[in-house]
Amino acid sequence: VLIGGSDLGSRLDEQPVAQYMLIALAGAAGIAACLLFALWLYHLFLISQGKTTKEHLKGRRVQGLEEEPTFCAARGPPLFD
């Protein structure tokens, strides 16, 4: 492969450290991509269960959440004066 008048393949053959660095970088990027995909799948699972991360990790649900929705409800009492 000629790039800019020089053969990139022969330059990489002469510098095995560059090859190993490129392989390590590609491996790290692959691992990061797999972890990101796993995090995405975990959040899809949480969405399907209707839970937050905290609820899932602590093993409990907020009581009475379905009984009184707060999105369109009147405001509650003030928390401080």
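These legends describe close-up views of one predicted model. Residues are numbered from 1 along each chain as its sequence is written. In this predicted model, local features need pLDDT of at least 70, side-chain atom pairs count only at pLDDT 80 or more, totals for chains, interfaces and linings use all residues, and side-chain values use heavy atoms, with hydrogens and water left out.

**View 1. Confidence along the chain.** The chain averages a pLDDT of 80, where pLDDT is the predictor's confidence in each residue, from 0 to 100. A score of at least 70 is reached by 68% of the residues. Among the elements, helix α2 has the highest mean pLDDT (94) and strand β1 (residues 2-3) the lowest (54). Helices (H or I, at least four residues) and strands (E, at least two) are DSSP runs, numbered from the N terminus. Where pLDDT is low, the predicted coordinates should not be read in detail.

View 2. The structure holds 1 aromatic pair. The ring centres of F37 and W40 are 5.7 Å apart and the planes are at 35°, so the pair is tilted (centres within 6.5 Å; under 30 degrees is stacked, over 60 edge-to-face, the rest tilted). F37 is partly exposed, at 46% relative accessible area (buried is under 20%, exposed over 50%, partly exposed in between, with a 1.4 Å probe and protein chains only).

**View 3. E55 in helix α3.** E55 lies in helix α3 (residues 53-58). E55 is buried, with a relative accessible area of 10%. Its side chain reaches the backbone nitrogen of T52 at 3.0 Å.

Technical notes
Rings of Phe, Tyr and Trp (its six-membered ring) pair if their centres lie within 6.5 Å; planes under 30 degrees apart count as stacked, over 60 as edge-to-face and the rest as tilted. A polar contact is a pair of N or O atoms within 3.5 Å; within protein, one must be able to donate a hydrogen and the other to accept it, and residues adjacent in sequence count only if both atoms are side-chain atoms.
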